[in-house]
Amino acid sequence: MKKLHETLRAGVDLRSRLVMPPMASEASVGGEIGEKSLAYYKKMAANEHFGLFILEHNYVSEDGRASEKQMSLSDDSKIEGHKKLVEAIKSVGPDLALFLQLNHAGMKTRGDLIGADPMGPSVRPWDKMCRAMTAEDMERVKDNFVRAALRAKEAGYDGVELHAAHGYLLNQFLSPLTNFRDDEYGADRIKYPLEVFLAMKEALGDYPLAVRIGGVETIAGGTTVDKGASIAKAFDDAGACLLDMTGGMTGYSRPGHKEAGWFKDLSLAVKKETEAPVLLTGGINTLAEAEKLLDEGAADLFGIGRAFLKDPNWETDKL
């Protein structure tokens, strides 16, 4: 794979344009990182094709937990486990850049899992599964994101990624399918996710902060490609070091699309409007496909997810 000829913002040098995108391994117990996770990531890090790993989503607070076996960085006690994970991966791939994805599930959780009613930007008229967040809730969650990001920095990650895609809380604010608020956060759906990002940026200083954006949805009335590009531009202007473009409330797949890079129309639209490197994932299975997308100018970085998960030795015969 052709080398990345520039660094990400904030000075992150990548040895390759290929990225392992965040994929939940569901190997945690009580949010802690155990031997199973250490072994899994060390095995993946042995593949020299990749320049960046964005590790799976970690919940920033107990009320934002997405699943029983999800990793956590919700309190200081989790820092030590993350330090061990960073050290384990770097022992195999010392020049591999490591980002950690931070997330809050919002309404995409269960009351029996978190011990409280799930919350989101608003209660959808046809769905009473969650309560609408108050101003106090929003301030608290924003602070939880900031604290988790600082923990990730202390643990030794090279950067963090804010998750605003795939139907989780910040995506719920971005999407017209789930944000029916009648206040300023409904009138301007990017306002709260951007406030969270800027609070993290202020606390982190020059430390790299990426964002995964749910930039298109396949349901009528959802986020369009044009709107996704405008959202990306707002985060770009705010100083994102990487724009990781994917689907929104309708998820990371795209019905009717089987081609390599099935969010290419989105990434191309984003590249026209922004300066930060753009990451494209979805259906890329071979080095040749990634090279072709690069030659087409579809993106700067390319995520290899399920193909890499299926075969940790993916394309090593082509090194």
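This is a predicted model: local features need pLDDT of at least 70, side-chain atom pairs count only at pLDDT 80 or more; totals for chains, interfaces and linings use all residues.
Student: Is Ser 28 buried or exposed, and what is its relative accessible area?

Tutor: A residue counts as buried under 20% relative accessible area. Ser 28 is buried because its value falls under that cut-off. Its relative accessible area is 2%.

Student: Which residue has its backbone oxygen 2.7 Å from a polar atom of the side chain of Ser 28?

Tutor: Leaving aside neighbours within four places in sequence, Ser 28 is in contact with Lys 69, Gln 70 and Met 71. The 2.7 Å distance runs from a polar atom of the Ser 28 side chain to the backbone oxygen of another residue. That residue is Glu 32.

Student: What is the orientation of H1 relative to H2?

Tutor: The axes of H1 and helix H2 (residues 79-92) come within 8 Å and cross at roughly 30 degrees. Angles under 35 degrees count as roughly parallel. H1 is therefore, relative to H2, roughly parallel.

Student: How many residues of the contact of H1 with H2 are nonpolar?

Tutor: H1 contributes Ser 37, Leu 38, Tyr 41, Lys 42 and Ala 45, and H2 contributes Lys 84, Leu 85, Ala 88, Ile 89, Ser 91 and Val 92. Of these residues, two are polar and two are charged. The number of nonpolar residues is seven.

Student: Why is H4 described as oblique to H7, and what is the angle between them?

Tutor: Helix H4 (residues 135-155) and helix H7 (residues 191-204) pack with their axes 9 Å apart. Angles under 35 degrees count as roughly parallel, and 65 to 115 as roughly perpendicular. H4 is oblique to H7 because their angle falls between those ranges. The angle is about 40 degrees.

Student: In which hand does H4 pass H7, and how many charged residues has their contact?

Tutor: H4 passes H7 in a right-handed crossing. Among the residues making the contact are Phe 145 and Lys 153 of H4, and Tyr 192 and Glu 195 of H7. By class, the contact has twelve nonpolar and no polar residues. The number of charged residues is three.

Student: What is the relative accessible area of Lys 142?

Tutor: Lys 142 lies in helix H4. Leaving aside neighbours within four places in sequence, Lys 142 is in contact with Tyr 192, Glu 195, Val 196 and Ala 199. Lys 142 is buried, with a relative accessible area of 16%.

Methods
Residues are numbered from 1 along each chain as its sequence is written. Side-chain values use heavy atoms; hydrogens and water are left out. Buried means under 20% relative accessible area, exposed over 50%, partly exposed in between (1.4 Å probe, protein chains only). A polar contact is a pair of N or O atoms within 3.5 Å; within protein, one must be able to donate a hydrogen and the other to accept it, and residues adjacent in sequence count only if both atoms are side-chain atoms. Contact means heavy atoms within 4.5 Å. Axes are lines fitted to C-alpha atoms, for helices over the stretch in contact, and angles run from 0 to 180 degrees between N-to-C directions. Helices (H or I, at least four residues) and strands (E, at least two) are DSSP runs, numbered from the N terminus. Angles under 35 degrees count as roughly parallel, over 145 as roughly antiparallel, 65 to 115 as roughly perpendicular and the rest as oblique. Ala, Val, Leu, Ile, Met, Phe, Trp, Tyr, Cys and Pro count as nonpolar, Asp, Glu, Lys and Arg as charged, and the others, Gly among them, as polar. A crossing is left-handed if the near helix is turned anticlockwise from the far one by less than a right angle, and right-handed if clockwise.
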